[in-house]
Amino acid sequence: MALRLSISPHGPASSTAISTCRPAACGRFPALVGGSAASQKRSLMTGSEMRGVTAVRSGSLETTSVGAEAVTGQVTEVTKDSFWPIVKAAGDKVVVLDMYTQWCGPCKVMAPKFQEMSEKNLDVVFLKLDCNQDNRPLAKELGIKVVPTFKILKDGKVVKEVTGAKIDELAHAIETVKSS
């Protein structure tokens, strides 16, 4: 699905298909500079496994936020502080980062598909970063210009990027990096 959105303060987008949201295009999206996912402590695991685990509800999907542990088989919510330690903990595993915002329509479409990918690719670490004000320094460091943006890392370095709601392109990029 190839989709595109042009955000203009002068009227509607020229295309009806939506692939990316460009928050820097105008000042109409205050959600980028404020707000964060509501989180609460929950009993997801027992005993020593509970250390550092927080359930995070973002929209209708639930993900897990884990302190500096690279978890596979699920999507882990990260922040500017937890991202690099988790990437380092992943070692030689491929890491895929979904950079999204709460208000982005294409991001909401991709979220359940990204979750499914994480459940099928048990040799890959799947992360997501809400590009709100708190995480803006990391988003800038990684060079985000549109959401959703997917960064694929190997050995701690970004090796591929996919922008927009392009699940097939993302799947191909992940397989390419895994086989390299």
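How many helices and strands does the chain have? The chain has four helices and eight strands. The model shown in these views is predicted.

**View 1. Overview of the chain.** Along the sequence, the elements follow the order β-β-β-β-α-β-α-β-α-β-β-α. The chain holds 180 residues, and 43% of them are buried. Among contacts with a separation of 6 or more, 58% are between residues 24 or more positions apart.

**View 2. Glu77, a buried residue without a salt bridge.** Glu77 sits in strand 4, which spans residues 75-78. Which side chain of opposite charge is nearest to Glu77? That side chain is Lys128, 4.2 Å away. A salt bridge needs a distance within 4 Å, and Glu77 has none. The Glu77 side chain does have a polar partner: the side chain of Tyr100, at 3.0 Å.

**View 3. Phe83 and Trp84, an edge-to-face pair.** The count of aromatic pairs comes to three. In one of them, the ring centres of Phe83 and Trp84 lie 4.8 Å apart, with the planes at 70°. Planes over 60 degrees apart count as edge-to-face, so this pair qualifies. Trp84 is partly exposed, at 30%.

View 4. Together with Phe150, they form one aromatic cluster.

**View 5. The cis peptide bond between Val147 and Pro148.** Omega for this bond is about -5°. Where does Pro148 lie? Pro148 is in the loop between helix 3 (136-141) and strand 7 (149-154).

**View 6. Asp155, a residue with positive phi.** Asp155 is not a glycine, yet its phi is about 55°. Asp155 lies in the loop that runs between strand 7 and strand 8 (157-163). Is Asp155 buried or exposed? Its relative accessibility is 53%, so Asp155 counts as exposed; the cut-off is over 50%.

Notes
Residues are numbered from 1 along each chain as its sequence is written. This is a predicted model: local features need pLDDT of at least 70, side-chain atom pairs count only at pLDDT 80 or more; totals for chains, interfaces and linings use all residues. Side-chain values use heavy atoms; hydrogens and water are left out. Helices (H or I, at least four residues) and strands (E, at least two) are DSSP runs, numbered from the N terminus. Buried means under 20% relative accessible area, exposed over 50%, partly exposed in between (1.4 Å probe, protein chains only). Lys and Arg count as positive and Asp and Glu as negative; His and the chain ends are not counted. A polar contact is a pair of N or O atoms within 3.5 Å; within protein, one must be able to donate a hydrogen and the other to accept it, and residues adjacent in sequence count only if both atoms are side-chain atoms. Contact means heavy atoms within 4.5 Å. Rings of Phe, Tyr and Trp (its six-membered ring) pair if their centres lie within 6.5 Å; planes under 30 degrees apart count as stacked, over 60 as edge-to-face and the rest as tilted.
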